[in-house]
Amino acid sequence: PKMEKRSVERLQSGIDARFNYGDMFYSGKIMNMSEKGMFIQTKICLPAGTMFVIMVREEHHLLKMLARVKYSSRARVLHEGMGVEILDTPTYYKEYVDKLRPVHSF
């Protein structure tokens, strides 16, 4: 069986995101996310290693994070987009992900 490389669980989302690279803004949809990274479904795939700022609106706040592209997939799989690593994860982003996490009842 294939080993899972992720150290943290990914949460399914579907949250709209915008990112800025160079002097342009692009949009995408975060298909899944964790405290350390996310997969953004987008038609604009930046090269692996590229650093950029991603923005997510959360109620009345705009969450901004620095991210680095780990890989991109261009229609080889179900969704085209890019897997990104969140650099220097801000506390407010960790709290945001925690709020999305389903509550397990025992």
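These exercises, each with a worked solution, concern a predicted model.

**Exercise 1. Layout of the chain**

Task: State how many helices and strands the protein chain has, and give their pattern along the sequence.

Solution: 
- Count the elements. The protein chain has one helix and six strands.
- Read them along the sequence. The pattern is β-β-β-β-β-β-α.
- Turn to burial. Of the 106 residues in the protein chain, 40% are buried.
- Turn to contacts. Take those with a separation of 6 or more; residues 24 or more positions apart account for 50% of them.

**Exercise 2. The barrel**

Task: Work out in which order the six strands run in the closed barrel, and with which kind of pairing.

Solution: 
- Follow the strands around the closed barrel. The order is S1-S2-S3-S6-S5-S4.
- Check the sense. The pairing is antiparallel.
- Recall the background. Strands of a sheet pair through backbone hydrogen bonds, either parallel or antiparallel.

**Exercise 3. Partners of S5**

Task: Find how many bridges join S5 to S4 and how many join S5 to S6. Name residues that stand opposite each other.

Solution: 
- Start with S4 (residues 51–58) and S5 (residues 61–73). They pair in the antiparallel sense over eight bridges.
- Pick out partners. Met51 stands opposite Arg68 in S5. Ile54 has Met65 in S5 as its bridge partner.
- Look at the connection. S4 and S5 form a hairpin with two residues between them.
- Move on to S6. S5 and S6 pair in the antiparallel sense over six bridges.
- Pick out a partner there. Tyr71 stands opposite Gly83 in S6.
- Stay on S5 for Ser72, which is found in this strand. Ser72 has a relative accessible area of 19%. Buried means under 20%, so Ser72 counts as buried.
- List what Ser72 touches beyond four places in sequence: Cys45, Leu46, Gly81 and Met82.

**Exercise 4. The nonpolar core**

Task: Name the residues that touch the most other members of the largest nonpolar core. Then say which elements each supply at least two residues of this core.

Solution: 
- Take the core of 23 residues. Met38, Phe52 and Ile54 touch the most other members.
- Trace the sources. S1, S2 (24–33), S3 (37–41), S4, S5, S6 (81–86) and H1 (91–100) each supply at least two residues.
- Examine Ile54, leaving aside residues up to four places away in sequence. Ile54 touches Ala17, Arg18, Phe19, Met38, Ile40, Leu63, Lys64, Met65 and Ala67.

**Exercise 5. Asn20**

Solution: 
- Locate the residue. Asn20 is in strand S1 (residues 11–21).
- Find contacts beyond four places in sequence. Asn20 touches Phe25, Phe52, Val53 and Met55.
- Consider Phe52, 32 residues apart from Asn20 along the chain. Their C-alpha atoms are separated by 6.3 Å.
- Follow the side chain. The Asn20 side chain reaches the backbone oxygen of Gly22 at 3.5 Å.

**Exercise 6. The faces of H1**

Task: Explain why the buried residues of H1 line one face of the helix.

Solution: 
- Name the buried residues. They are Tyr93, Tyr96 and Val97.
- Look down the axis of H1. The buried residues fall within an arc of 95°, so they line one face of the helix.
- Turn to the face directed away from the buried side. This face carries the exposed residues Thr91 and Lys99.
- Ask what covers the buried residues. The cover includes S1, S2, S3, S4, S5 and S6.

**Exercise 7. Positive phi**

Task: Locate Glu59 and Asp88, and give their phi and exposure.

Solution: 
- Begin with the rule. Most residues other than glycine have a negative phi.
- Take Glu59. Glu59 has a positive phi of about 50° although it is not a glycine. Its place is in the loop between S4 and S5.
- Apply the cut-off of over 50%. Glu59 has a relative accessible area of 63%, so it is exposed.
- Take Asp88. Asp88, not a glycine either, has a positive phi of about 50°. Asp88 lies in the loop between S6 and H1.
- Apply the cut-off again. Asp88 has a relative accessible area of 76%, so it is exposed.

Key. Residues are numbered from 1 along each chain as its sequence is written. This is a predicted model: local features need pLDDT of at least 70, side-chain atom pairs count only at pLDDT 80 or more; totals for chains, interfaces and linings use all residues. Side-chain values use heavy atoms; hydrogens and water are left out. Two strands pair if DSSP finds at least two bridges between them. Helices (H or I, at least four residues) and strands (E, at least two) are DSSP runs, numbered from the N terminus. Contact means heavy atoms within 4.5 Å. A polar contact is a pair of N or O atoms within 3.5 Å; within protein, one must be able to donate a hydrogen and the other to accept it, and residues adjacent in sequence count only if both atoms are side-chain atoms. Buried means under 20% relative accessible area, exposed over 50%, partly exposed in between (1.4 Å probe, protein chains only). A nonpolar core is a set of buried Ala, Val, Leu, Ile, Met, Phe, Trp, Tyr and Cys residues joined through side-chain atoms within 4.5 Å. The arc is that of the directions from the helix axis to the C-beta atoms.
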